[in-house]
Amino acid sequence: MTEPVLSVKNLSTHFFTRGGVVKAVDGVSFDLARGEIMGLVGESGSGKTVTGFSLIGLLDAPGRIVEGSVKLNGTELTTLSERAMRTRRGSEISMIFQDPIATLNPMLTIGQQMRLAIDAHERLSPQAAEARSAELLTQVGIPSAKARLRAYPHEFSGGMRQRVAIAIALLHRPAVIVADEPTTALDVSIQAQILFQMRDLARETGTAMIWISHDLAVVSSLASKLAVMYAGRIVEQGPTATLLRDPRHPYTAGLIASLPAMAKPGTPLTQIPGSTPSLLSLPPGCPFAPRCDRADDICKTAPEMTMQANRGWRCFHPVGQDAGVSA
Amino acid sequence: MSNTSTPLRRFWAEFRENRIAVVALVVVVVLILLAVFASLVSPQNPYDLANLSLMDSRRPPGFVGTGGYTHILGTDPQGRDLLSAILYGLRISIQIGLAAGFVSLTIGTTLGILAAYVGGRVEALIMRLVDLQLSFPAILLALVIVALLGQGKAQLIGALVAAQYAYFARTAYGAAKAERGKDYIEAALATPLSARLVVWRHMLPNCTPPLIVVATVQIANSISLEATLSFLGLGLPVTEPSLGMLISNGFPYMMSGRYWISVYPGVALIILIFAINIVGDQVRDQFNPRLRK
């Protein structure tokens, strides 16, 4: 096992609002190896996006990382000055946002914007910059890239724009890309194309990715490992195949059961009863307990992460291990 | 029509569809050319007092004066050929209108974007100042400033700028504030690109459409404001009359049947402002997607 490119330990990000402290991210830990794609899955408000923003240091007040560490290639990011962080953003760690409309400047051509993104980190001749931009556009699957550099964002479709955003994120061959639901705004066929290209790109370039999504189906076709978030915590993590085949946490099991592909035609889709609790008033103990049919008195204390081989879960009553002694 | 080469060319293609706006644009261009080449086009230099003869004063249109040529639009109380005076007056009016427009555009945009970009106390200070100023009528403010600074072109431009920069500041602030929150600005700020570059390349270009609209309206406004000040006797020196002063000069004679001294400069002023406003309206319509068919 090689040294991970990104190592997150016990990361906690809290928002200090007038209504109280919101523990948006509460003790998240994971490692990411070179070229590895990790899916970060959860419902709205489970803290996946805040986790992404914490990694890249783009938290806005009143949010703050209160403890934990984020190590990128051995460098601690949480204690870096804003200035030092800026030189790493875009070159060593970059982010792809959800909305491809707002991420591109409507008044500049694609080429001009890519040029600005290159200039932010290195000095290149105009020819070299154009060659690099065209090469990356080709890599993300944009045909006749050289000509397209002269086009404006409005001349691109949503899928094409998101590819441009991905190409910009890849410009400096970052070690890690945080992708925050980059395909949510796109239609399914484009989504699939981009997913496959991203998987190839990760393999070719060695860029590791964190793919944030609420869609377990999308992520499972892309990521080699998964982390399931609930109410600011990772409730279960492990290799994608293992997690899908044999979930331990009742929430993961519920997510898998509610996938439309799992339902019999003509029967109602399975749901997880209730909704995500308000992060302002989390019940003590396991946050999932109120929605869990396996919960009992012991769930009033917070479960620790149970590690087993290359996977882990936070539950006193894991699914598929009812005796609690197997393996 | 579906020419997508450059935004400018597309803009022109759309502009061309409105015939009235095209006519108005032609009128504006012709008036500007006439004003620029006033010394070549007009029969007389109305600012050269040696050229003027009091014998020719207040003569009706068509009169052949001591200069030996026909005064097509008649003469004013100083014996100036009215056509020449109008062309020269047009030149002053357009000069002052453009100068005041551009200076207030620059100052107002800088203040507005600064407020939106920096935020916090700077934002509060600038924008409250602008609000405070917008609560006074522009004409009142201009009157006070001209009264304080005295007469002259620079002073007049100063007064117009002081009365008008606030509109630009408001517009630029609103546009910049909206852009500030967008992802691409956030993303650009997250990199080591300098703040100056982000403002110049990303923020300013996206704030220009509303600013262009305000600029056309405000240039017309400063021309009419200048005419108003001149009419009230607070504009330029009497020896170099602008359109407003020509109107004012002829005013006492209106009732005695010598209408042309006031009316023709007035017509010139109306045509100029009307044409600029039509062009401005068309530009505004094209920039406002909600008014698009």
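**Notes on helix packing, domains and the chain contact**

1. Starting with chain B: helix α4 (residues 82-118) and helix α7 (residues 153-180) have axes that come within 5 Å and cross at roughly 35°. Axes here are lines fitted to C-alpha atoms, for helices over the stretch in contact, with angles running from 0 to 180 degrees between N-to-C directions. Helices (H or I, at least four residues) and strands (E, at least two) are DSSP runs, numbered from the N terminus.

2. Before going on, this is a predicted model, where local features need pLDDT of at least 70 and side-chain atom pairs count only at pLDDT 80 or more, while totals for chains, interfaces and linings use all residues. Residues are numbered from 1 along each chain as its sequence is written, and chains are lettered from A and ligands numbered from 1 in the order in which they are written.

3. Back to that pair: α4(B) passes α7(B) in a right-handed crossing (left-handed if the near helix is turned anticlockwise from the far one by less than a right angle, right-handed if clockwise). The contact of α4(B) with α7(B) has 23 nonpolar, 6 polar and 4 charged residues. For these classes, Ala, Val, Leu, Ile, Met, Phe, Trp, Tyr, Cys and Pro count as nonpolar, Asp, Glu, Lys and Arg as charged, and the others, Gly among them, as polar.

4. Over in chain A, helix α3 (residues 110-119) packs against helix α4 (residues 126-139) at about 110°, with the axes 10 Å apart. That makes α3(A) roughly perpendicular to α4(A) (65 to 115 degrees; under 35 is roughly parallel, over 145 roughly antiparallel and the rest oblique). G111(A), M114(A), R115(A) and I118(A) come from α3(A), and A129(A), E130(A), R132(A) and S133(A) from α4(A). Contact means C-beta atoms, placed from the backbone, within 7 Å. By class, that is 3 nonpolar, 2 polar and 3 charged residues.

5. Chain A is assigned domain 1 (6-92 + 174-261 + 271-313) and domain 2 (106-171), with bounds from an automatic or database domain assignment. Their centres, taken over C-alpha atoms, are 29 Å apart. Domain 1 puts 12 residues into the contact and domain 2 puts in 13. On the domain 1 side, helix α7 (residues 188-205) of chain A has the largest share, 5 residues. That side divides into 7 nonpolar, 5 polar and no charged residues.

6. Finally, the chains: 13 residues from chain B meet 18 residues from chain A. On the chain B side, α8 (183-189) and α9 (195-231) each supply at least two residues, and α9(B) gives the most, with 4 residues. The chain B side has 6 nonpolar, 4 polar and 3 charged residues.

Technical notes. Contact = placed C-beta atoms within 7 Å.
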